[in-house]
Amino acid sequence: MKLLLKNSYLNHKETIHNFTWRALQLFGKQGLTFFIFILCAKLLTPHEFGVYNYILAIIYLLIIFGDFGISTATSKYVAEYNATDQNKVKLILFNSLIIILGLGTIVTVLTILVGSYLLDEKYAYVLYALPMLFLAPISSLYDGIFRGLKRFRELAIISLSVGFVSVIFVYLLVRNYGLIGALISQSLFYMVLVLVLFCAYGNLYLQFDKQLMKTIFNYSLVIGISSIGYFLYSRVDIIVLGHYGYIEEIGYYELINKGFELMFLPFALLAQVVAPNITAYYSRNDYSKVRKKLYFFMKLIIPTSILIAGLFYITFPQAIKIFLPEYYGEEMFIAVSILSFLIPAKIWGVFQTQSFIVATGFAKIIAVTTMLGGILNVILDIIFINLIGFTGVFWVTLMIHSLNIIFQTFYYKHKIGQI
């Protein structure tokens, strides 16, 4: 048995080590966001907490247009060029950065010009978080470059260090300034993270490469469209709830969503570690290896996710009852009961998208299916929220997400099987 374990470790040593460091890195980065989230849930009233999440939903929508898939596309091309043409790797950062700064400037100007007319009294809150339109995409850009180069250990150390230092000013800002402090602290965290990543990476080659910019931007378009589609069938639910006056229910929705994010994180980590290798196999035309890996992970992840769904159904309501009793109630339990059935599909979807579909250049599948699903989600959200109220959003989420991920899986298997 020991020999078997040793051989298994040696065969997967790189993946195990990279997964470990990536896990530490993302838990360090996401841990601060989660800390702010729970802190706000504790310190703010349920109504104020709903407003907080409503503002963040708007900011995340703006960030999608400010990034528009550039950071994800960059990760793919860093891994690809690192395997085939290393001279281009050093040019990716500057050229990707130019695109992000340009998009961010356009989105910021438009927000300032029309935001007050569309958001009314909530416009002032958006301004506090506006720096995130630049800082969040740039941090994701560096994240993609470090991942593409498999510098997981260095990325983990940086994120953990910045996260621990930031906890001090985050706590002070939230405690003293409440909602405004929480929004400012997020922008401040991303600013510190970008500065440290900039210093660590170095080597910013100031050389324009129009062809490289065109290549990255063209691929980012389909990723950006898929991001919009994803927002339409996920985060847009918050906008719909807010429009119909379900402000407190936004808080319930986001609590469950955060529980989902914590469950999905290990699978996202594994996907990001696996993705560079899948990209390398595909770039070398080793398609049989890609198919073999896809079937292996399907057999591993789907049964595991079913067990996780059962545990979530049992433990999550009890965790809410103990730590956030003011949010515990019949509506919360009904929502958990509905969305627990979605967990297996969501876990597989998170892993499959990052490690296979995007990594092998089939991001168009995600773009088309999520956009169509997102449009349908908005329509059904409005219909069901009028028919059965708050829980209608959850029933629509279960239906749309499940069908979308099942279709993506079968279609990708068909496409990769033809090569």
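1. Of the 419 residues of the protein, 54% count as buried, where buried means under 20% relative accessible area, exposed over 50% and partly exposed in between, with a 1.4 Å probe and protein chains only. The model is a predicted one: local features need pLDDT of at least 70, side-chain atom pairs count only at pLDDT 80 or more, and totals for chains, interfaces and linings use all residues. Residues are numbered from 1 along each chain as its sequence is written, and side-chain values use heavy atoms, with hydrogens and water left out.

2. The protein has 16 helices and zero strands. Helices (H or I, at least four residues) and strands (E, at least two) are DSSP runs, numbered from the N terminus.

3. On overall dimensions, the C-alpha atoms of the protein fill a box of roughly 55 × 50 × 40 Å along the principal axes.

4. Among contacts in the protein with a separation of 6 or more, 85% join residues 24 or more positions apart; contact means heavy atoms within 4.5 Å.

5. The largest nonpolar core holds 124 residues, of which Phe49, Tyr52, Ile256, Phe260, Tyr327 and Tyr412 touch the most other members. Helix α11 (residues 247–283) supplies the largest share of this core, 17 residues. Apart from it lies another core of five residues, including Ile64, Phe68, Ile228 and Val236. A nonpolar core is a set of buried Ala, Val, Leu, Ile, Met, Phe, Trp, Tyr and Cys residues joined through side-chain atoms within 4.5 Å.

6. Not counting residues up to four places away in sequence, Tyr327 touches Ala41, Leu44, Thr45, Pro46, Phe49, Tyr252, Leu255, Ile320 and Met332.

7. Helix α10 (residues 236–243) packs with helix α15 (residues 363–388) at an angle of about 35 degrees, and their axes are 10 Å apart. Axes are lines fitted to C-alpha atoms, for helices over the stretch in contact, and angles run from 0 to 180 degrees between N-to-C directions. From α10 come Val236, Asp237, Val240 and Leu241, which meet Asn377, Val378, Asp381 and Ile385 of α15. By class, this contact has five nonpolar, one polar and two charged residues. Here Ala, Val, Leu, Ile, Met, Phe, Trp, Tyr, Cys and Pro count as nonpolar, Asp, Glu, Lys and Arg as charged, and the others, Gly among them, as polar.

8. Phe68 lies in the loop between α3 (46–67) and α4 (70–84), and counts as buried because its relative accessibility is 14%. Asn285 sits in the loop between α11 and α12 (287–323); at a relative accessible area of 52%, Asn285 is exposed.

9. Gly104, in helix α5 (residues 89–119), is buried at 0% relative accessibility. Leaving aside neighbours within four places in sequence, Gly104 is in contact with Gly66 and Phe134.

10. Ile308 is found in helix α12. Leaving aside neighbours within four places in sequence, Ile308 is in contact with Met263, Phe267, Ile343 and Ile347. Ile308 and Ala124 are 184 residues apart in sequence and 40 Å apart in space, C-alpha to C-alpha.
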